[in-house]
Amino acid sequence: MAKGFKKTKMLTDTPFHYCPGCTHGIAHRLTAEVLEEIGAEGNCVGVAPVGCAVFAYNYFNCDMQEAAHGRAPAVATGIKRVHPDKIVFSYQGDGDLASIGMAETVHAAARGENITVIFINNSIYGMTGGQMAPTTLEGQKATTCQAGRIPELNGNPVNVAEMLAQLKGPSYIARVGLFDLKHVMEAKRAIRKAFDMQINKKGFAMVEILSTCPTNWGLNPIDALEWSKNEATKTFPLGVFKDITKEEE
Amino acid sequence: MAKLSFNKPLCKGCGLCVTACPKKLLSLSKTESNANGYFVAVIENEEACIGCAACATMCPDCVIEVER
Amino acid sequence: MKKLMKGNEAIAEAAIRGGCRFFAGYPITPQNEIPEYLSWRLNEVGGAFVQAESEVAAINMVYGAAGAGARAMTSSSSPGISLKQEGISYICGAELPCVIVNIVRAGPGLGGIQPAQSDYFQTVKGGGHGDYHMLVLAPATVQEAVDLVYSAFDKADKYRLPVMILGDGMIGQMMEAVELPEMVDVNALAKKEWATDGTGVGENRRIVNSLYIQPDVLEEINHKLFAVYAEMKKNETAVEEYMCEDAEIVLTGYGTVARIAKSAVHMLRAKGIKAGLIRPITLYPFPDEAYARIAGNGICREMLCVELSMGQMIEDVKLSVNGKVPVEFYGRVGGNVMTAEDIVKKVMEGR
């Protein structure tokens with residue numbers, strides 16, 4: 001009897017520390033499944049962020065570096081320049097990538113640094129307890145904008161995928177969701193594409209994954225997926241914002 | 001027929017698998033909890049499982065394996 | 001054969017010959033010749049150069065490259081070194097070897113672009129967060145800068161920590177004749193088993209990390225780091241003692257200031273004043289034994305600490321001397337540099 005679904009060998013046996021229903025676990029698994037598919041076992045280095053995914057180095061079954069907050073693209077740049085033939089990826093949340101690490105993100109993208117970035121956008125600072133993120137939606141409540149985000153007071157959310165797609169350096173920029181089976185399969189295809197770009201030396205590729213934070217959103221896991229699908233996508237529409245292989249066709 | 005196996009100690013009772021199952025075969029147990037105190041996901045009518053692995057694909061904690 | 005080279009370029013070439021194969025940096029005066037030189041030179045030897053978007057990014061690129069096993073370096077000047085402090089703390093926490101060059105300029109704030117020694121505290125006491133130290137080397141000549149940078153990569157690898165070259169605008173900008181050392185064969189260097197070269201799987205995978213959330217584990221890590229510093233103190237402490245045997249007044253200073261002080265020693269001796277000089281070559285570990293011994297030799301009556309700061313190294317001098325003799329201070333700041341005559345005048349005050 002063939003296995004219909006088995007945990008990928010690119011994840012370790014360490015149980016995820018994430019809250020119940022948090023879709024970080026799905027994003028980890030999809031990334032690891034793609035790493036297995038492309039034959040990255042024994043051939044890749046990952047970079048973990050600061051934030052909820054800070055322990056990602058315990059989960060991915062490959063060499064890992066833990067970066068300072070926001071600096072993962074710079075750390076990944078250093079690794080990739082030393083080992084240009086190895087698969088190098090960073091896995092970062094929205095506070096890490098889009099706030100404190102925005103400069104590192106934009107410039108790694110602008111350089112066309114040949115790395116793959118997995119960007120988890122859950123519109124909140126999860127690890128520190130639900131503060132407003134650069135991706136918190138207008139009107140969304142957070143512990144540092146308790147009446148809901150008011151642009152006049154709290155500024156506006158940052159659309160990272162659309163922004164980076166304006167640059168010449170990136171090869172592939174997409175935003176995906178994890179709302180249901182169909183979207184999860186689409187997300188995996190986007191992640192595969194982002195790693196294929198690196199294998200083919202096309203330069204910087206990023207997949208922004210709309211993720212959930214049931215704990216800090218104050219929703220049960222199923223309602224959180226619904227909120228992600230119905231509310232987050234209003235500000236963060238899904239799609240492929242840049243694909244140079246399409247442009248080349 | 002497909003066979004599901006649950007790595008119950010890892011289950012956090014989030015219920016994403018329950019929602020994902022197209023045959024509505026999964027539920028969260030009302031009696032069985034694991035060491036972390038979560039009521040774990042269980043399958044009731046395994047003969048009806050079509051082995052689509054939607055549950056495993058949506059599970060954030062790699063709890064479910066599917067044989068078919 | 002000796003070659004006439006500008007300090008910054010000599011430092012860059014010495015790094016290449018010492019095995020440096022990765023450099024990331026950001027423009028700031030007065031160290032720009034280092035990245036400029038390495039931007040083309042690293043390509044010649046199969047290394048990688050990145051002009052980073054900031055000093056913060058540069059030091060984190062060095063973290064990545066060093067963690068991946070390369071001999072890596074960054075350089076900057078004071079305000080830029082302040083920005084690197086976060087990365088330096090992480091590099092120390094993750095026990096990564098690298099070389100950092102600080103061609104110090106005057107501060108605080110944006111300060112000025114002229115030479116200074118006002119980053120001493122930041123460098124030797126730990127400018128970033130947490131308990132850590134680096135090996136800190138203070139060259140007084142371009143040749144010494146070459147020699148110290150060349151051997152810095154070996155020492156960084158040996159102790160798995162950053163080696164900081166604490167120069168100043170004078171060392172960086174002046175030209176002197178130097179003898180360049182042989183090129184290290186980087187392929188013959190010992191393999192770093194801890195480095196993330198991408199081949200790790202399962203139990204063999206390598207994790208470069210400074211996060212330890214269990215207090216007992218983190219406490220152990222801190223003790224482990226300090227055991228390394230103790231070992232380094234035994235092996236690496238370096239100091240030049242110049243005409244101290246019969247000296248009644250002992251001057252002390254490091255880097256280029258020590259050269260000026262050495263001229264002052266000669267001028268004082270010509271006046272019949274028995275002067276000497278202690279020049280620390282390692283600022284961390286500090287050569288406290290030399291100070292204690294000379295201060296307690298029964299001949300030395302006074303020390304004068306000369307710095308391009310408001311008085312920073314003098315604190316370590318006083319701790320080392322431990323009250324055996326008075327320690328006076330003479331400093332210039334803001335990018336001004338004292339002359340040997342200025343030092344002589346200071347010594348002659350009250351005589």
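Chain B places 21 residues in contact with 29 residues of chain A, where contact means heavy atoms within 4.5 Å. The model is predicted: local features need pLDDT of at least 70 and side-chain atom pairs count only at pLDDT 80 or more, whereas totals for chains, interfaces and linings use all residues. Residues are numbered from 1 along each chain as its sequence is written, chains are lettered from A and ligands numbered from 1 in the order in which they are written, and side-chain values use heavy atoms, with hydrogens and water left out.

**Chain B against chain A**

About 2100 Å² is buried between chain B and chain A, 65% of it on carbon and sulfur atoms; buried area is the accessible area (1.4 Å probe) that two parts lose on being put together, summed over both. Of the area that chain B buries against chain A, 26% comes from Thr57(B), Met58(B) and Cys62(B), more than from any other three residues. On the side of chain B that touches chain A, at least two residues come from each of α1 (16–20), α2 (54–58) and β4 (64–67); helices (H or I, at least four residues) and strands (E, at least two) are DSSP runs, numbered from the N terminus. By class, that side has 13 nonpolar, three polar and five charged residues. Here Ala, Val, Leu, Ile, Met, Phe, Trp, Tyr, Cys and Pro count as nonpolar, Asp, Glu, Lys and Arg as charged, and the others, Gly among them, as polar.

**The two domains of chain C**

The domain assignment, from an automatic or database source, divides chain C into domain 1 (2–184 + 208–236) and domain 2 (239–348). Their centres, taken over C-alpha atoms, are 26 Å apart. Domain 1 contributes 32 residues to the contact and domain 2 contributes 26 residues. Gln117(C), Tyr120(C) and Phe121(C) lose the most area in domain 1 to domain 2, together 29% of what that side buries.

**Values for the two surfaces**

A salt bridge is a side-chain nitrogen of Lys or Arg within 4 Å of a carboxyl oxygen of Asp or Glu.

| Surface | Buried area | Share on carbon and sulfur | Salt bridges |
|---|---|---|---|
| Chain B and chain A | about 2100 Å² | 65% | zero salt bridges |
| Domain 1 and domain 2 of chain C | about 2500 Å² | 56% | four salt bridges |

Arg259(C) and Glu176(C) form a salt bridge through their side chains, at 2.6 Å from N to O.
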